[in-house]
Amino acid sequence: MSPMSEIRNICVFCGSREGNDHQIITAAEALGSRLAERGIGLVYGGARIGLMGLMAARTLDHGGKVIGVMPRFLQQKEVVHHGLTELITTENMHDRKLVMQERSDAFIALPGGMGTLEELFEIITWLQLGLHSKPVGILNVHGYYDKLLEFMELTVKKGYQPFEQFDLLQVDTQIDGLLDKLEAFRPPRLPHWLNASRS
């Protein structure tokens, strides 16, 4: 990873619903404002609804830059946020994730459902495979990801991945703590585990 100032844009994966936990809702809004305050652009799915919409609105309200990336078929469902700094239209979900990866210098997962989990696991897998060298983090608000992190530790204990893979994931309960970890992240030189001999 380049020096700290090189994190210009952070991609945030999060729910298209607000959910019912007010601490999580507050954290999504706070993340949006904090990114703007730190001069970091937001890259996200482009929706005006759910945690996504709340976070984007707060970023814009604080003078931040917001880039939305949304497939054409979702725009037709009228969930798109039309007040963004930039809106990128893709043909499908796969292209959406490629564009989000290309336009971002780091990634954060806030609470969300299946789509958020799928995006998180794909982007951390790409890091493990050496397809990118950008930091990936979880903002673990109100213990939302506790059970998931326990399960991921179990995959290490059961021998399905080395600890070095799990340790690539940056986790914090506080916004500034997580942002600091992302800025300090240094990727491994090579995904050496890919070349490890297997008995």
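Reader: In what sense does H4 pass H5, in a left-handed or a right-handed crossing?

Author: This is a predicted model. In it, H4 and H5 pack with their axes 12 Å apart, at an angle of about 55°. The crossing in which H4 passes H5 is right-handed.

Reader: Are H4 and H5 parallel or oblique to each other?

Author: The angle between H4 and H5 is about 55°. Angles under 35 degrees would count as roughly parallel, and 65 to 115 as roughly perpendicular. The pair is therefore classed as oblique.

Reader: Which residues of H5 make the contact with H4, and how many residues of that contact are charged?

Author: From H4, the contact is made by Lys97, Leu98 and Gln101. H5 brings Glu118, Glu119, Glu122, Ile123 and Trp126. By class, the contact of H4 with H5 has three nonpolar residues and one polar residue, and the charged ones number four.

Reader: Which helix gives the most to the lining of the largest cavity?

Author: The structure holds one cavity of 30 Å³ or more. Its lining consists of Phe13, Lys97, Met100, Gln101, Phe107, Glu119, Glu122, Ile123 and Trp126. H4 and H5 each supply at least two residues of that lining. With four residues, the helix that gives the most is H5.

Reader: How much space lies in the largest cavity?

Author: By class, the lining of the largest cavity has five nonpolar, one polar and three charged residues. The space in the largest cavity comes to about 60 Å³.

Reader: What is the volume of the largest pocket?

Author: The lining of the largest pocket is made up of 33 residues. Those nearest the centre of the pocket are Cys14, Gly15, Ser16, Arg17 and Met52. The volume of the largest pocket is about 520 Å³.

Reader: Which helix gives the most to the lining of the largest pocket?

Author: Strand S1 (9–13), helix H2 (50–61), helix H4 (93–102) and helix H5 (114–128) each supply at least two residues of this lining. By class, the lining has 17 nonpolar, nine polar and seven charged residues. With five residues, the helix that gives the most is H5.

Reader: At roughly what angle do the axes of H1 and H2 cross?

Author: The crossing of H1 and H2 is right-handed. The axes of H1 and H2 come within 7 Å, and the angle at which they cross is roughly 35°.

Reader: Which residues of H2 make the contact with H1?

Author: The residues of the contact of H1 with H2 divide into eight nonpolar, three polar and two charged. H1 contributes Ile24, Ile25, Ala28, Glu29, Leu31, Gly32, Ser33 and Ala36. The partners in H2 are Leu51, Leu54, Met55, Arg58 and Thr59.

Reader: Which residues of H8 does H1 meet?

Author: The H1 side of the contact is Ala27, Ala30, Leu31, Arg34 and Leu35. By class, the contact of H1 with H8 has six nonpolar, no polar and two charged residues.

Notes:
Residues numbered from 1 in each chain as written. Predicted model: local features only at pLDDT ≥ 70, side-chain atom pairs only at ≥ 80, totals over all residues. Heavy atoms only, no water. 1 Å grid on protein atoms, 1.4 Å probe; cavity = no way out; pocket = protein on both sides within 12 Å on 5 of 7 lines; lining within 4 Å. Points joined across faces, edges and corners; volume = space filled by probe spheres on them. Nonpolar A, V, L, I, M, F, W, Y, C, P; charged D, E, K, R; others polar. Contact = heavy atoms within 4.5 Å. Axes fitted to C-alpha atoms, helices over the stretch in contact; angles between N-to-C directions. Left-handed = near helix turned anticlockwise from the far one by under 90°. Parallel < 35°, antiparallel > 145°, perpendicular 65-115°, else oblique.
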